[in-house]
Amino acid sequence: MHSVAMKTVFWLLFPGLFIILFLWSCQNQNEGNQYIENNKKVALADSLNLIEPGKADSIYRQVMRDSSAGNAKNRINAMVGLSDVFLKQGKLDSTFTLLNQSYLLAQSVNDTVLLMKILLSQGNFQLETGDNDKTEQYFLKGLSLARKVSHQQYINNFLLSLGSVQHVRGKFPEAIKTFTEGVKVAEQSGNERNEATALENLAFALKSSGELRLAIGYIKKSLEIRKKLNLEIEYTRGLMNLGIFYRNFGQNDSALACYRQAYNRSCEIKDTLLMIKTRYNIGIILKNEGKYREAENEMNEILDFCRRKNIIDGRTFAYSALASIYEQTGRLPRALAVIDTAIKLSREKHLTQNMVAFLDRRHEILMKSGQFKEAYQCVLESKHLSDSLLSVDKQNEIAALQTRFDTDRKEAENILLRKDLEVQKSRVWVQRICIILGMLAVLVVLIIIYFRYKQVRQGKLLAEEKNIRTEQEKLKKEVELENAKLEKRLKEEELDKAQLEGQLREERIEQLELQGRLKEQELVYQTLVRTDLTQLNRSVQGKLTPYTLKISRKKDQEDFAQTLSEITRDASKDPMSEFEILFRQLHASFYEKLLQHCSDLSRTELQVCALIRLNLSSKDIARLVNISVSTVESTRHHIRKKLELETGDNLTSFLFTL
């Protein structure tokens with residue numbers, strides 16, 4: 001009966017567990033897929049933020065709607081991105097609300113990186129609204145948090161932002177200190193691009209505090225880094241800034257060189273706006289230095305370029321600069337014609353602000369040429385345009401406020417609708433959770449009953465397994481002990497074998513050395529015998545030669561002469577020739593190595609060296625070479641001298657090394 005109950009419980013438990021696991025895995029998979037999909041959407045919206053803010057707005061809102069409670073990171077990133085869109089659209093209240101909500105949500109999930117990102121956005125928001133005090137507070141708070149978690153990238157970002165605010169507020173010493181720390185942080189983290197940016201900002205802060213020479217040095221360092229990293233656009237703009245620094249420092253030649261280099265690079269990267277700015281600055285410097293012809297050429301080239309590219313602002317400012325050049329060189333009619341062209345072009349393109357500046361320039365030219373009535377008309381027209389600009393600005397401000405009000409009202413309505421939808425969704429989720437909890441309670445009871453039965457059965461199995469494991473461990477230890485003994489025996493045998501091989505090798509070497517010595521002794525013995533035999537033959541030849549004429553018979557004389565000829569032939573043989581052949585067989589490379597040390601050795605000296613190598617005495621050497629002992633000693637002295645041996649060096653030992 002008990003067994004049947006356990007089986008029934010098991011078959012009820014198994015399908016329930018399977019269903020729960022299946023639902024749980026599906027939910028996790030859906031949440032994981034949705035997280036990845038929302039992450040991609042946020043990245044897409046971030047890339048569209050600068051190009052198409054409208055599309056980025058809709059994507060951010062979709063991610064905020066689709067993100068669940070467990071997917072808070074994507075929701076926060078979407079809220080921060082949407083706040084950036086609102087900030088660009090002038091929706092300051094909506095931006096402020098979104099940033100505060102995202103900050104609270106980031107605190108709830110305890111995500112430090114998101115908190116730092118939001119603090120950076122809040123600081124930028126306050127900077128846009130003109131509240132520099134709050135901007136500095138947010139950046140300081142973010143910097144403290146970044147230092148706490150040692151996040152190098154955000155430390156650098158907050159230092160650069162904080163230094164910029166301090167610079168704007170006129171706190172130049174604080175800004176210099178902040179940017180200097182930013183340079184050090186970038187160097188430590190190895191981020192050369194941030195290091196270049198920090199150096200450039202430090203240079204601007206030093207320039208504002210009057211330390212132009214030091215500022216030029218830092219901006220040069222920034223340029224070196226950007227050149228090494230192939231950051232062409234940033235490097236070109238840095239050259240422009242360096243030209244400005246030189247110009248403020250009064251070094252117009254250096255400024256011109258920087259501007260020309262910047263112009264060439266802007267042509268390479270095809271940055272039209274930068275090309276125009278550099279050429280315009282070159283023309284202004286030339287004009288201020290009194291090089292009016294060169295300045296006029298620069299402005300005419302700018303004018304032609306802007307005309308080809310249809311760049312209206314560039315054309316109008318080139319006309320204005322040309323008018324100034326003509327005015328300073330006394331060509332007032334031409335200056336008046338050029339500035340009229342600039343005013344006409346600005347009026348056609350509705351460039352009202354440019355027209356005000358150009359009318360003021362026209363007024364100066366007319367006054368200088370004595371046309372006071374026309375000059376007065378220019379003043380009136382300029383004042384009228386200035387007033388209209390103010391009224392237009394006010395109208396735009398009112399329209400912007402109205403748009404912001406309408407947008408905020410619609411946003412509030414949308415928030416209320418979303419809250420209602422969230423409440424309805426939460427009710428449905430509560431019902432589902434209650435059902436799931438009920439099923440889980442039933443399953444827990446069944447699991448408890450099953451595991452109690454299983455516990456008793458497992459107790460018996462564990463006892464049996466323990467006994468089996470004990471026996472297996474005992475056998476394992478015995479096997480390991482036997483293996484250890486066998487390994488030790490094998491190692492000892494291998495060691496004995498290695499020692500035996502070493503002894504055999506040594507004996508073989510000794511046998512070879514003994515054979516070599518025996519061959520050398522045999523060579524010496526044979527050479528000595530041949531030498532003695534040769535000397536004996538020579539002695540016999542000398543003694544028998546006088547008896548040739550004492551033999552009366554002709555036939556006996558011929559026999560005696562033939563015998564004497566054979567003795568003469570044997571006496572003429574050189575035993576050292578055969579010695580050299582046999583010696584070369586024993587020591588093949590001896591003569592070659594000896595001649596490498598000294599190529600001036602004679603044949604007799606080589607023979608003496610070979611005999612010394614065989615460890616023969618001077619007496620034996622004299623006997624073999626058929627010279628006196630004193631000659632042998634003299635030859636040894638000459639050999640030592642040719643081999644350049646020192647006084648304490650042993651000739652025999654030296655020859656043994658060859």
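This is a predicted model: local features need pLDDT of at least 70, side-chain atom pairs count only at pLDDT 80 or more; totals for chains, interfaces and linings use all residues.

Author: Residues are numbered from 1 along each chain as its sequence is written, and side-chain values use heavy atoms, with hydrogens and water left out.

The protein chain has 25 helices and zero strands; helices (H or I, at least four residues) and strands (E, at least two) are DSSP runs, numbered from the N terminus. Of its 658 residues, 35% are buried. Buried means under 20% relative accessible area, exposed over 50%, and partly exposed in between (1.4 Å probe, protein chains only).

The whole structure holds 17 salt bridges, a salt bridge being a side-chain nitrogen of Lys or Arg within 4 Å of a carboxyl oxygen of Asp or Glu. One of them pairs arginine 147 with glutamate 181, with the closest N and O atoms 2.2 Å apart. This pair links distant parts of the chain, since arginine 147 sits in helix H6 (residues 132-149) and glutamate 181 in helix H8 (residues 172-189), 34 residues apart. Arginine 147 counts as partly exposed because its relative accessibility is 40%; glutamate 181 is also partly exposed, with a relative accessible area of 30%.

Another salt bridge joins arginine 260 and glutamate 298, whose closest N and O atoms are 3.6 Å apart. Arginine 260 belongs to helix H12 (residues 252-269) and glutamate 298 to helix H14 (residues 292-309), so the pair ties together parts that are 38 residues apart in sequence. Here arginine 260 is partly exposed at 36% relative accessibility, whereas glutamate 298 counts as buried because its value is 9%.

In a further pair, aspartate 340 forms a salt bridge with arginine 362, and the closest N and O atoms are 2.4 Å apart. Aspartate 340 is in helix H16 (residues 332-348) and arginine 362 in helix H17 (residues 352-369), so this pair links distant parts of the chain, 22 residues apart. The aspartate 340 side is partly exposed, with a relative accessible area of 29%, and arginine 362 is buried at 18% relative accessibility.

Salt bridges that share partners also join Asp133, Glu136, Arg169 and Lys171 into one network.
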